[in-house]
Amino acid sequence: MNAILNGIAHIGAAVLNALGLVGELAIFAGTGMFAIIRPPYYPRMIGRALMEIGYFSLPVVSLTALFTGMVLALQSYTGFSRFNAESAIASVVILSVTRELGPVLAGLMVSGRAGAAMAAELGTMRVTDQIDALSTLSTEPMQYLVAPRLIAGMIAMPLLVAIADILGVMGGFLVAWLKLGFNPHTYLVSSFTHLRTDDVVSGLIKAAVFGFIIALMGCFNGYRSKGGAQGVGAATTSAVVSASILILAVDYILTQLLFTK
Amino acid sequence: MSIPKIRVRNLKKYFGTKKVLDGVDLDVAPGTSLVVIGGSGSGKSVLIKSILGLVTPDSGVIEIDGVDVLSAPRAQARALREQIGMLFQNGALFDSLPVWENVAFGLLAEKKIARRSARAKAIEVLAQVGLADNVADLSPSELSGGMQKRVALARAIASEPAIMFFDEPTTGLDPIMGAVIDELIVDCVKRLGSTSIAITHDMASAVRIGDTAAMLYDGKITWTGPAAELLTTTNPLVDQFTHGRSEGPIKMALRR
Ligand SMILES: Nc1ncnc2c1ncn2[C@@H]1O[C@H](COP(=O)(O)OP(=O)(O)OP(=O)(O)O)[C@@H](O)[C@H]1O
Ligand SMILES: [Mg+2]
C-alpha cells in the first residue's frame with residue numbers, strides 16, 4: 001500500500017516538475033521575444049551569433065543535404081522502378097528536400113552544433129557569475145545574450161536551408177545522371193515542373209521556426225544551468241535533446257498547418 | 001544623523017531548509033567602508049548578492065539611499081542598484097572579450113564613453129591597478145589568477161560607482177600585491193567619496209580597508225564595531241575568528 005502511494009507521489013512530483021519547467025520555458029521565451037523588440041540592440045552580438053549558427057554550420061549542413069539528396073534518388077529509384085514510375089524520382093527528390101528533409105535535417109544538425117555550443121557558453125557564463133556580472137554593469141543579460149541568438153537563429157536557419165535545398169537537389173541530380181543513367185536535361189526539367197513556390201517558402205518558414213527553437217533551447221538550458229562543469233554538461237545535453245524533439249514535433253504541426261490547405 | 005547609504009533590516013534567505021541569512025541587520029553610512037568577516041559558507045556572498053538583486057531574499061528590508069529596493073518599482077530599484085560596482089569573488093571576467101573590453105564594459109554600456117576612446121580609457125584604469133598596457137589585448141584566460149583579480153577590480157571601479165562591493169579582493173594575491181590592492185581600494189573609495197562593503201578573510205586587509213567591521217555568524221550579524229578593534233575586541237566569536245583558533249565558541253563541522 002505504502003509502496004503504491006510512494007509510486008504515485010513520485011509520478012505526481014515528476015508531473016509537477018515537468019509542468020513547472022514548461023512554465024519556466026514559456027516565461028523565458030516570452031521575455032526573450034520581448035527583449036528582441038526592446039532597445040538597446042546589440043548588432044555586434046547578432047553578427048557573432050550569425051557566424052556561429054550560420055557560417056560555421058555551413059559545412060555540416062551542406063554535407064548532410066548533399067548525401068540526403070543522393071540517397072533519396074537511389075532509394076526512390078529502387079521503389080519506383082518496380083512500377084515503372086522512374087520519371088517521378090526528380091519530383092520526389094525536390095519535394096522531399098524542400099518541404100521536409102532540408103529544414104528538419106538542417107535543424108537537427110544545427111541544434112547538435114550551434115545549440116550545444118550556446119548552452120555550453122551560457123552555462124559556463126552562469127556558473128562563473130558572468131551573467132550576474134553583466135547585470136551589475138548596466139546590461140540586461142536577456143537582451144545582450146539571449147535576444148541576439150534568437151534573432152540570429154531565425155535569420156541563419158532559412159539561409160542554411162536554402163543552401164541545403166540546392167545541394168540536396170544537386171545530390172539527387174548527380175546520382176540520377178551519373179549512376180542511374182537519366183538524361184540530365186530531362187531530369188532537371190521534370191524536377192522543376194512540379195515545384196511550386198510555396199513548397200520552398202513553407203520549408204523556409206519551418207527553418208525560421210526551427211532556428212528560433214534551437215536558439216531558445218540552447219539559451220534556456222544554458223541560462224538556468226547550475227553546479228559547475230557537470231551542470232554545464234547536463235545543460236548541453238538537454239539543449240540538444242529538447243531542441244531535437246521539439247523540432248520533430250513542431251515539424252508535424254507546421255506541416256499540418258502549411259500543407260493541408 | 002544622515003540616512004545610511006545602505007540599510008538592511010531582518011534580511012532572511014533560506015535555500016531549501018538551510019538558513020543562510022536569518023535576520024541580518026546592517027547600516028553603512030555614506031562615504032564609509034564596512035568589512036564583513038565570517039566563516040566560509042556563512043552567507044557573506046549571498047548577503048551582498050541580495051543587495052545587488054542577484055539573489056532574491058525571502059523577507060526583510062534592503063534600503064539604498066533610504067528607498068527599499070525590494071518593494072520599490074522595478075525601474076527605481078534598478079536605478080538605485082546601478083550605482084553599485086561589484087568585484088566578484090571569482091572575478092567573473094567575460095572570457096569572450098579581451099581585457100580592455102572587460103574593463104570598459106560598464107562605461108560602454110552606460111554610454112559614458114565612445115567606443116573609439118574606450119581602449120585608451122581602459123588602459124588608464126588598468127594602470128591604476130598596476131597592470132601594463134600589454135595586457136589590454138589579451139584574453140582573461142591568458143592571465144594569472146592574481147592578474148585576473150586586478151582586471152576584475154579595474155572593471156568594478158572603471159565607472160567610478162558611488163557604491164562598491166568587493167568580494168574577497170585580495171584572496172589569491174601575494175602579500176605585497178594584496179597590500180597594494182588594499183591601498184588602491186582605500187584610495188579609490190576615499191577619492192570618489194564612495195561607500196563600500198568588502199568581504200575578506202584577511203585580517204590585516206580588513207583593518208586596512210575598513211572603517212567599521214561586522215561579523216556574520218549563524219545567519220546574523222553577531223558583532224559590529226570599528227575595524228581597528230577587530231584584533232583587540234573581547235567578543236569571543238570575533239576573537240576566535242580573527243586569531244584563527246580552532247578552540248572556541250565557533251565549532252567547525254569537519255564531520256557530519
Ligand atoms: N544558489 C544557491 N543555491 C543553494 N545554496 C546556495 C546558493 N548560493 C549559496 N548557497 C549556500 O549558501 C551558503 C552561503 O554561501 P556564500 O557563498 O554566501 O558563502 P560565503 O560566506 O561567501 O563563503 P566563502 O567565504 O567561502 O565565499 C553556502 O552554504 C551555500 O551552500
Ligand atoms: Mg563568498
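Buried means under 20% relative accessible area, exposed over 50%, and partly exposed in between (1.4 Å probe, protein chains only). This is a predicted model: local features need pLDDT of at least 70, side-chain atom pairs count only at pLDDT 80 or more, and totals for chains, interfaces and linings use all residues. Residues are numbered from 1 along each chain as its sequence is written, chains are lettered from A in the order in which they are written, and side-chain values use heavy atoms, without hydrogens and water.

**View 1. Glu63(B) pairs with Arg7(B) in a salt bridge.** A salt bridge is a side-chain nitrogen of Lys or Arg within 4 Å of a carboxyl oxygen of Asp or Glu. Here the N to O distance is 3.2 Å. Glu63(B) sits in strand E4 (residues 59–64) and Arg7(B) in strand E1 (residues 6–15), 56 residues apart. Strands are DSSP runs of E, at least two residues; helices are runs of H or I, at least four; both are numbered from the N terminus. Glu63(B) is buried at 17%. Arg7(B) is partly exposed at 25%.

**View 2. Lys220(B) forms a salt bridge with Asp22(B).** Their closest N and O atoms are 3.6 Å apart. Lys220(B) belongs to strand E10 (residues 220–226), Asp22(B) to strand E2 (residues 18–28). The two are 198 residues apart. Lys220(B) is partly exposed at 38%, whereas Asp22(B) is buried at 16%.

**View 3. Asp199(A) and Arg99(A) meet in a salt bridge.** The N to O distance is 3.2 Å. Asp199(A) lies in helix H8 (residues 197–223) and Arg99(A) in helix H4 (residues 89–127), so the pair ties together parts 100 residues apart in sequence. Asp199(A) is buried at 3%.
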